[in-house]
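Here is a short walk through one model. Keep the coordinates open as you read.

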Amino acid sequence: MSSILFEIQDQIAFITLNRPEKMNAFTREMALLLQSRLDECASLHEVRAVYITGAGKAFSAGQDLAEVVGPDAPGMAKILSEHYNPLVTRIRNLPKPVIAAVNGVAAGAGANLALCCDIVVAAKSASFIQAFSKIGLIPDTGGTWFLPRLVGRQKAAGIAFLGDRVTAEQAERMGMVYGVYPDDEFVGASRALAAVLAGMPTRALALTKHALNYSAGNSLEAQLLLEDELQQRAAETKDYAEGVDAFLNKRAPRFKGE
Ligand code: LHQ
């Protein structure tokens, strides 16, 4: 069985981290496979939303720590530059919405991989652990960038220093996740959210994502200029024409992602 399951259904790419007996901890093979699946999601026109979840009871426990010891262990630099950093940049640059459906515990790089997705939803029993400090590391996989932007520096410092378990409900209150669903409704509700996103004007969402990515480093003036440029590109899409026509004719729009 592959460590990454991949299925396209109704214009949604469903990606499942699949090492349930090891809490979906990442091996090199798994990280590289996920990278190539994300590349497929970017290039396939039929994919209009990406949904990432974990098999079994965890989302992901981060790096497989059994793989970082021993004579054949890839060095730290290699793990970050070849495994996790390319995953973060692929997800952030993918011109489609990426949903992290956090079904259970998300720890270490697994937590930050979830937080780098566009929309993070969690099951009520899920949790987030910046486990790094417990083993003498710093939050990687973009954690030191995402966390303060999501929850503010104060909470970010506490969460990162202490490595405490943050429950899904605490995460929602802090702004770390978009929504939390009861466990028995989680799969249905999170997939329904992916279906809504897949039916939206994909190119406008991609341009919105681009603008949000840049807003973190831009002045207001620079961001206004960027919005100006991106809005012109949005206005050239067929989905924009469809959206306006549907509104004026009092009918539901049929967006095609074009
Ligand atoms: C695991 C793991 C795991 C291997 C559970 N590895 N087996 C970057 C650069 C280079 C080096 C290091 O890392 C990084 C990035 C990082 O991600 S650092 C952070 C790495 N992750 C952690 O430190 C988390 C370690 N795991 C845990 O704290 C717990 O397992 C959590 C809280 C995730 C889940 O706890 P439980 O629900 O009690 O499950 P469990 O601990 O019993 O785990 C079940 C099995 O999964 C068990 O295996 P076993 O053969 O004994 O049944 C664990 O050993 C294995 N597992 N995480 N990261």
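Which residues in α1 meet which residues in α2? Before the answer, some ground rules. This is a predicted model: local features need pLDDT of at least 70, side-chain atom pairs count only at pLDDT 80 or more, and totals for chains, interfaces and linings use all residues. Residues are numbered from 1 along each chain as its sequence is written, and side-chain values use heavy atoms, with hydrogens and water left out.

Now the helix pair. From α1, the residues are Arg 28, Ala 31, Leu 32, Leu 34, Gln 35, Leu 38 and Asp 39; they meet Lys 78, Glu 82, His 83, Pro 86, Leu 87, Arg 90 and Ile 91 in α2. Contact means heavy atoms within 4.5 Å. The residues of this contact divide into 7 nonpolar, 2 polar and 5 charged. Nonpolar covers Ala, Val, Leu, Ile, Met, Phe, Trp, Tyr, Cys and Pro; charged covers Asp, Glu, Lys and Arg; the others, Gly among them, are polar. Helices (H or I, at least four residues) and strands (E, at least two) are DSSP runs, numbered from the N terminus.

Next, the geometry. Two packed helices are described by the angle between their axes and the distance between the axes. For α1 and α2 (residues 76–93), the angle is about 25° and the axes are 10 Å apart. Axes are lines fitted to C-alpha atoms, for helices over the stretch in contact, and angles run from 0 to 180 degrees between N-to-C directions. The two helices α1 and α2 are therefore roughly parallel (under 35 degrees). The crossing of α1 and α2 is left-handed: the near helix is turned anticlockwise from the far one by less than a right angle.

Turn to the sheet. It is open, has 6 strands in the order β1-β2-β3-β5-β7-β10, and its pairing is mixed. β1 (4–9) and β10 (179–181) stand at the edges with a single partner strand each, so one side of each has no neighbour in the sheet. From one strand to the next, the twist averages 20°. β10 pairs with β7 (residues 119–123) in the parallel sense, over 3 bridges; pairing requires at least two DSSP bridges. Ala 122 has Val 180 in β10 as its bridge partner.

Finally, two loop residues. Asn 24 lies between β2 (12–17) and α1 (28–43). Its phi is positive, about 55°, although Asn 24 is not a glycine. Asn 24 counts as buried because its relative accessibility is 0% (buried means under 20% relative accessible area, with a 1.4 Å probe and protein chains only). Thr 141 lies in the loop between β8 (127–129) and α4 (143–151). Thr 141 has a positive phi near 55°. Thr 141 is buried too, at 2% relative accessible area.

Notes. Buried means under 20% relative accessible area, exposed over 50%, partly exposed in between (1.4 Å probe, protein chains only). Angles under 35 degrees count as roughly parallel, over 145 as roughly antiparallel, 65 to 115 as roughly perpendicular and the rest as oblique.
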